Amino acid sequence: MKYFKYILTIFVSFVIFSCAKETIISDADFQKNLLAGTGNYQNTLHVWKLDSLTISGKAEPLSKIQKSYTKTFNRLGSYIDSDGYAGTWELSTANKLDITTINSVTNVKTKTSFDVVVLNAAQLQLKITGTKGVYQYFFIIAN
């Protein structure tokens, strides 16, 4: 009977201490998962397709080329778009996306900061102030 109690105590201890602990991630890390995948098997990048654009609240018609425009965000921090621009991306704080594009000819880096208005599993909405006013880009998930 002593032997049984000893084995039972070890088994119960093992079960209690081997349970997976749930970790809570920050808002920025959660947004990174939505933007570029979790980094787990077959979830290492997301492709976002431009759906619409507004400038200062007014809808802008998209050309055929603009309708096929995509941005691809890799979980490891690389970025490429369908126009051939490549570089890196960073979401250091929630709702702030920084994209650094590297010119392949001159090797000049250009950093652009977007406000993330909406980011979920199906849509990405980015906002930036430009020469004509406030630009809002509406993307949908393409993969």
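## Exercises on strands, burial and the core

K49 lies in strand β1 (residues 45–55), where helices (H or I, at least four residues) and strands (E, at least two) are DSSP runs numbered from the N terminus. The model is predicted, so that local features need pLDDT of at least 70 and side-chain atom pairs count only at pLDDT 80 or more, while totals for chains, interfaces and linings use all residues. Residues are numbered from 1 along each chain as its sequence is written, and side-chain values use heavy atoms, with hydrogens and water left out.

**Exercise 1.** Classify K49 by its accessible area, and list its contacts.

*Solution.* Begin with the cut-offs: buried means under 20% relative accessible area, exposed over 50%, and partly exposed in between (1.4 Å probe, protein chains only). K49 has a relative accessible area of 34%, and is therefore partly exposed. Next, take contact to mean heavy atoms within 4.5 Å; leaving aside neighbours within four places in sequence, K49 is in contact with K67, S68, Y69, T70, F138, F139, I140 and A142. Finally, K49 and K67 are 18 residues apart in sequence, and their C-alpha atoms are 7.8 Å apart in space.

**Exercise 2.** Trace the pairing of β5 with β4 and with β6.

*Solution.* Two strands pair if DSSP finds at least two bridges between them. Strand β4 (residues 78–81) and strand β5 (residues 86–93) pair in the antiparallel sense over 3 bridges, and I80 stands opposite A86 in β5. Their hairpin has 4 residues between the strands, and in it G84 takes a positive phi near 95°. On to strand β6 (residues 96–102), which runs antiparallel to β5 and is joined to it by 6 bridges; here W89 has I99 in β6 as its bridge partner. The hairpin of β5 and β6 has 2 residues between the strands, and N95 takes a positive phi near 70°.

**Exercise 3.** Decide whether T101 is buried or exposed, and name the residues it touches.

*Solution.* T101 is found in strand β6. With a relative accessible area of 18%, T101 is buried. Not counting residues up to four places away in sequence, T101 touches Y79, Y85, A86, G87, V108, K109 and T110.

**Exercise 4.** Describe the largest nonpolar core.

*Solution.* A nonpolar core is a set of buried Ala, Val, Leu, Ile, Met, Phe, Trp, Tyr and Cys residues joined through side-chain atoms within 4.5 Å. The largest has 23 residues, and those with the most contacts inside it are L35, F73, W89, L97 and L124. At least two residues of this core come from each of α2 (27–36), β1, β5, β6, β7 (109–119), β8 (123–130) and β9 (133–141), with β1 supplying the largest share, 4 residues.
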